[in-house]
Amino acid sequence: MELLDKLNWRYAAKAMNGKAVPEDKIEHILEAARLAPTSSGLQPFEIMVIKNQELKEKIRPVAWNQSVITDCSHLLVFAAWDTYTEDRINYMFNLTNEIRGFKNEGWENYRQMLLGSYPQQDAEENYHHAAKQAYIAFSQAIIAAAFEGVDATPIEGFEAEAVDTILGLREKGLRSAVLLPLGYRKEEEEDWLVNLVKVRKPMADLVTIIN
Ligand SMILES: Cc1cc2nc3c(=O)[nH]c(=O)nc-3n(C[C@H](O)[C@H](O)[C@H](O)COP(=O)(O)O)c2cc1C
């Protein structure tokens, strides 16, 4: 129940108060994102953690002028790989072998299978697959933030190309997928959402049990 209480506490904050989130809490949230499962374990994304106020000010106008962009403590930008390359795939497989200390034939065959498919696919298709993986980490970060008593606003309302330019992401082979400002809610009248009841469809409209 404790987790569900925290998930009921969380909401997509519409206004934040500028207070700094302690670094140990940020580290826990990022670690939760790092631990997210991803397709083939490739973790095809990076997370930019923006503390710099000037950069936040530059991003706000291309993010629907949402105040949480500048009033948050840390702005996370989940940036997905622009495509899958042989180097990127090999990096993760080599890392696995290094950390586990052995080579596994089945795993090596699987590497060859991925090398024979992803890099030949359309880059746009690969980006969308990578972005889906970034969203899994994004979701874990949202849950971890709630666990830490930190507010977070999931944000898709931004111009991705403009954010890519501001942060120089394309040069790094990355594309911004989704944003997550972290901070503390501003409970006064400025946040119209803070005192409203959470709305979710009933379980029966969400879940079908097939016996
Ligand atoms: C992927 C994603 C993108 C979202 N983008 C925005 C956004 O740009 N601005 C905003 O204010 N809320 C945004 N939201 C928040 C949703 O509107 C909110 O999560 C939803 O209405 C449920 O409300 P709750 O999170 O407060 O429980 C986004 C949520 C998700 C999951």
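Start with the largest pocket. By class, its lining has nine nonpolar, five polar and two charged residues (Ala, Val, Leu, Ile, Met, Phe, Trp, Tyr, Cys and Pro count as nonpolar, Asp, Glu, Lys and Arg as charged, and the others, Gly among them, as polar). Its volume is about 340 Å³, where a volume is the space filled by probe spheres set on grid points joined across faces, edges and corners. Now select Gly41, Gln43, Met92, Leu95 and Thr96: of the 16 lining residues, these are the closest to the centre of the largest pocket. On a 1 Å grid over the protein atoms alone, a pocket is an open set of points with protein on both sides within 12 Å along at least five of seven lines, a cavity is a set where a 1.4 Å probe fits but cannot get out, and lining residues have an atom within 4 Å of a point. Colour helix H5, residues 86-100, next: the largest share of the lining of the largest pocket, six residues, comes from there.

A word on what is on screen: this is a predicted model, in which local features need pLDDT of at least 70 and side-chain atom pairs count only at pLDDT 80 or more, while totals for chains, interfaces and linings use all residues. Residues are numbered from 1 along each chain as its sequence is written, and side-chain values use heavy atoms, with hydrogens and water left out.

Zoom out to the whole chain. Along its principal axes, the C-alpha trace spans about 60 × 50 × 30 Å.

Show the strands next. In what order do the four strands sit in the open sheet? The order is E1-E2-E4-E3, with antiparallel pairing; two strands pair if DSSP finds at least two bridges between them. E1 (45-50) and E3 (151-152) stand at the edges with a single partner strand each, so one side of each has no neighbour in the sheet. Pick E2 (residues 74-81) and E4 (residues 174-183) to see a pair joined by eight bridges. Leu75 stands opposite Pro181 in E4.

Now go to the ligand. Residues around it, with a heavy atom within 4 Å, include Arg10, Tyr11, Gln66, Tyr135, Gly157 and Arg200. The shell divides into five nonpolar, two polar and five charged residues. Look for polar contacts, pairs of N or O atoms within 3.5 Å:

- Lys14: a polar side-chain atom lies 2.9 Å from a ligand oxygen atom.
- Glu156: a backbone N or O atom is 3.0 Å from a ligand nitrogen atom.
- Lys198: a side-chain N or O atom is 2.4 Å from a ligand oxygen atom.

Last stop: the largest cavity, with a volume of about 30 Å³. Select Trp9, Arg10, Tyr11, Ile142, Ala146, Val150, Asp151 and Ala152 to show its lining. Helix H7 (123-147) and E3 each supply at least two of the residues lining the largest cavity.

How values were computed. A polar contact is a pair of N or O atoms within 3.5 Å; within protein, one must be able to donate a hydrogen and the other to accept it, and residues adjacent in sequence count only if both atoms are side-chain atoms.
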